[in-house]
Amino acid sequence: MWLRADNRPERQAAVVDLGSNSVRLVIYRIEGRAIWTVFNEKALAGLGKDLPTTGRLSAEGVEVAMSALRRFRTVLDGWRAEDITVAATAAVREAVDGPAFVRRVREETGLEVRVLTGVEEARYAATGVIAGYPAAQGVVGDLGGSSLELIRVNGSGPSEGVSLLLGPFALGAPRALDIDRTRRAIDRELAPVAQRFATDHFHAVGGAWRNLALLHMELADYPLRIAHQYEMSRSDALDVARFVERQSRSSLERMQKLSKKRIETLPYSALVLEAVVERLGVERVTISAYGVREGLLLESMPPDVRRQDPLIAGAEAAAAARGLAQDLGPSLEAWLTPAFSQLPPLFGGRDAVLLATACRLADLGARLHPDHRADIAFEQVLRAPVAGVSHSERAFLACVAFSRHTSSSNTPEAATINRVLSAERRQRARALGAAIRLGCDLSGRNPHLLEKSSLMIHADQMVITAGAGWEDVLQGEQVAKRAQTLANTLKLKLAFA
């Protein structure tokens, strides 16, 4: 671990994931609570595809995996052992030759493999979902090649989970799907735990289910093609699952949005999703791009770092990476909170987090051309690879970033924004963007000057006040113009005091 110039903890970490279907290396940059993927490579080895019939790892898959692991070891040359985590899941855990495979990996690559138990795999999947969205509540389901882990999450973290033999390989893949037979097998495995894991909100983890979500986006003509935190209703999830179940292999291969390497297993994954939704009483499915790997990383962080909000941390890291002032964002947050806390909440308990994040992104466009910074800042925020944000929240923050740099209400990608964000939330985004613009211009981006003034809402008035001896901070045509724009957006009368 090392420290940035602003004393923010920063390090790189590598996770090698030996799954039943894929072998993957992901290299992360970790800045406080913010986790950024900087390298991602996988090989679809299919270690678990022979497990149901032989009880052993696929011989061909072992060779593919070893080839990938030798390359990964080379990529990681010079890394400290404590910065590398190698974790194996269901296939290696269940196979009679799993221990021999682990020894071979150690002898040929020097990598030490940690074989996760089913309960551990479930816990890390849930911890990963929390890493990606701390407010997650309901049941997490992590579908791999050989197993499905189920575990309940709430505000206090994950509970004890269970591992079920419901991965595509365990159900018969890559053989052609027999829907009725496979449905009965899924029901036998799922029925004993269905009541224990009944939930209205299901968090789906795993590449197969991400592919189903991407296909649903295509079928629904959904404009924001980001899998993480994509939501499907009960009927949406059942529709896309049943659609995939009934497609021939050739039909699936013609679908551009599907991974061609998952064609053999995807119908099985769709059947499992259908059964989970029906048997657990699920009303909403949310896709998480975070899972076991990110759960391992989150657990390795100090407790005080784990408690940080990943969205705010991501915004701070993004600003720091551009060499922008680090004290302006918190000062803007303190200056705006008294006024905006008087407004009706629009995101449940998330309004304060969104305000804090938007303030830390206040100078995102500072080094961009003034004629284009509003549009570019909008695009950067809308598709930023940050955790802890839903689709509606990222659209809101993008609109705030746009309004921070312009008084125009014509955001880019209007059709996308109108579909994801309600009119009331769009109006609030314009107000918050205008408020940040006012705060930056009033203070000349000087946090010390923000402390000498205040912004308040009293009844039907927006009141800006300067401390004794600091009245000149409120002078100037630009300050008056920015203040009037904000007051008009909030539909309030403007007063200086």
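The lining of the largest cavity takes at least three residues from each of two domains, domain 1 (11-115) and domain 2 (119-293). This cavity, in a model that is predicted, holds about 470 Å³ of space, and the structure has 3 cavities of 30 Å³ or more.

**Largest cavity**

- The lining consists of 32 residues, and those that lie nearest the centre of the cavity are Asp142, Leu143, Gly144, Gly206 and Gly207.
- Two or more lining residues come from each of strand 7 (138-143), helix 6 (168-171), helix 8 (207-220) and helix 12 (292-300).
- Sorted by class, the lining of the largest cavity comprises 14 polar residues, with 9 nonpolar and 9 charged residues beside them.

**Second largest cavity**

- The second largest cavity has a volume of about 70 Å³, and its lining draws at least three residues from each of domain 1 (11-115) and domain 3 (309-496).
- Its lining is made up of Arg33, Ala34, Ile35, Trp36, Ala131, Tyr290, Pro310, Gly314, Pro385, Val386 and Ala387.
- Strand 4 (34-43) and helix 14 (310-321) are the elements that give two or more residues to this lining, and strand 4 gives the most, with 3 residues.
- By class, the lining of the second largest cavity has 9 nonpolar residues, together with 1 polar and 1 charged residue.

**Largest pocket**

- The largest pocket contains about 550 Å³ of space, and of the 26 residues that line it, Thr37, Asn40, Arg210, Ala289 and Tyr290 are the closest to its centre.
- At least two residues of the pocket lining are supplied by each of strand 3 (23-31), strand 4, helix 8 and helix 12, with the largest share, 5 residues, coming from strand 4.
- The residues of the pocket lining divide by class into 12 nonpolar, 8 charged and 6 polar.

Key:
Residues are numbered from 1 along each chain as its sequence is written. This is a predicted model: local features need pLDDT of at least 70, side-chain atom pairs count only at pLDDT 80 or more; totals for chains, interfaces and linings use all residues. Side-chain values use heavy atoms; hydrogens and water are left out. On a 1 Å grid over the protein atoms alone, a cavity is a set of points where a 1.4 Å probe fits but cannot get out, and a pocket is an open set with protein on both sides within 12 Å along at least five of seven lines; lining residues have an atom within 4 Å of a point. Grid points are joined across faces, edges and corners, and a volume is the space filled by probe spheres set on the points. Helices (H or I, at least four residues) and strands (E, at least two) are DSSP runs, numbered from the N terminus. Ala, Val, Leu, Ile, Met, Phe, Trp, Tyr, Cys and Pro count as nonpolar, Asp, Glu, Lys and Arg as charged, and the others, Gly among them, as polar. Domain bounds come from an automatic or database domain assignment.
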